[in-house]
Amino acid sequence: MHQFSSGAVCAPTAATNLLFYWYSRNTKKYKSLLDTSWTNTFNLMSKYMKTSEKSGTKDKNIADAYKKYISHHGFSVSAKFHSGTSEGKKIVSVINEGRPCQLILHNHYKYGDHAVLALGYQQYIYEHWYGNTYQTYIRIADGWTSKASRFVWGGCKGSWNYVNVELK
């Protein structure tokens, strides 16, 4: 995040990472998602999200920013805001369709209020005498490191929202 700007800029950073994901997945097909540089891409997403370096980004602004940016760069797009993730389970179907999504954490024990890119998941079954318990861990790019090597547990304290983005 800090290579783009200082302050509460995690939402446009996660959005830039999502656009970079698609660009890297097929550079020829998604070349136009890069707005001359990744810094310019970040700046436009920040503008479209109405991000404040002091107070961050409102969840409700994120989906519309994706729609505006991606359609302006030549693609049909569907971007939808979802309240809640059912302990991470709702994100699994999106990831299984081969699409990352923007995950918005609120009151998380480590991240507080923070937006990240959800790229994968692991699920575990813990067997108990009273039945099986399924737990979902979402693999994320948190904007603090250069690798998507961290996980957040779906059952942790706080709440999550997400934005599902589909390029058509």
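**First stop: a histidine and its partners**

Select H106 and D113: a polar contact of 3.5 Å joins their side chains. Leaving aside neighbours within four places in sequence, H106 is in contact (heavy atoms within 4.5 Å) with residues including G112, G158, S159 and N161.

A quick word on what you're looking at: this is a predicted model, where local features need pLDDT of at least 70 and side-chain atom pairs count only at pLDDT 80 or more, while totals for chains, interfaces and linings use all residues. Residues are numbered from 1 along each chain as its sequence is written, and side-chain values use heavy atoms, with hydrogens and water left out.

**Second stop: the strand around it**

H106 lies in strand β2, so now select residues 101-108. (Helices, H or I of at least four residues, and strands, E of at least two, are DSSP runs numbered from the N terminus.) Seven of the eight residues of β2 are buried, so the strand is largely enclosed by the rest of the structure. (Buried means under 20% relative accessible area, exposed over 50%, partly exposed in between, with a 1.4 Å probe and protein chains only.)

Which strands flank it? One is β3, residues 112-128, paired with β2 in the antiparallel sense over six bridges. (Two strands pair if DSSP finds at least two bridges between them.) Try L105, which stands opposite H114 in β3. The two strands form a hairpin with three residues between them. The other is β6, residues 159-167, also antiparallel to β2 over six bridges; here L103 has Y162 as its bridge partner.

Show all the strands: six of them form an open, antiparallel sheet in the order β1-β6-β2-β3-β4-β5. β1 (77-83) and β5 (150-153) stand at the edges with a single partner strand each, so one side of each is left without a neighbour in the sheet. The twist averages 35° from one strand to the next. (Axes are lines fitted to C-alpha atoms, for helices over the stretch in contact, and angles run from 0 to 180 degrees between N-to-C directions.)

Next, pick helix α4, residues 89-96: this helix packs on the sheet, touching β1, β2, β3, β4 and β6, and its direction makes about 100° with that of β3.

Jump to residues 10-25, helix α1. Its buried residues include L18, L19, W22 and Y23. What covers the buried residues of α1? The cover includes α2 (38-49), α3 (59-72), β2, β3 and β6.

**Last stop: the rings**

There are nine aromatic pairs. (Rings of Phe, Tyr and Trp, its six-membered ring, pair if their centres lie within 6.5 Å; planes under 30 degrees apart count as stacked, over 60 as edge-to-face and the rest as tilted.) Select Y30 and F75, a tilted pair at 5.5 Å centre to centre with 35° between the planes. Y30 sits in the loop between α1 and α2 and F75 in the loop between α3 and β1, so the pair ties together parts that are 45 residues apart in sequence. Both are buried.

Methods. A polar contact is a pair of N or O atoms within 3.5 Å; within protein, one must be able to donate a hydrogen and the other to accept it, and residues adjacent in sequence count only if both atoms are side-chain atoms. The expected span of a helix is 1.5 Å times one less than its number of residues.
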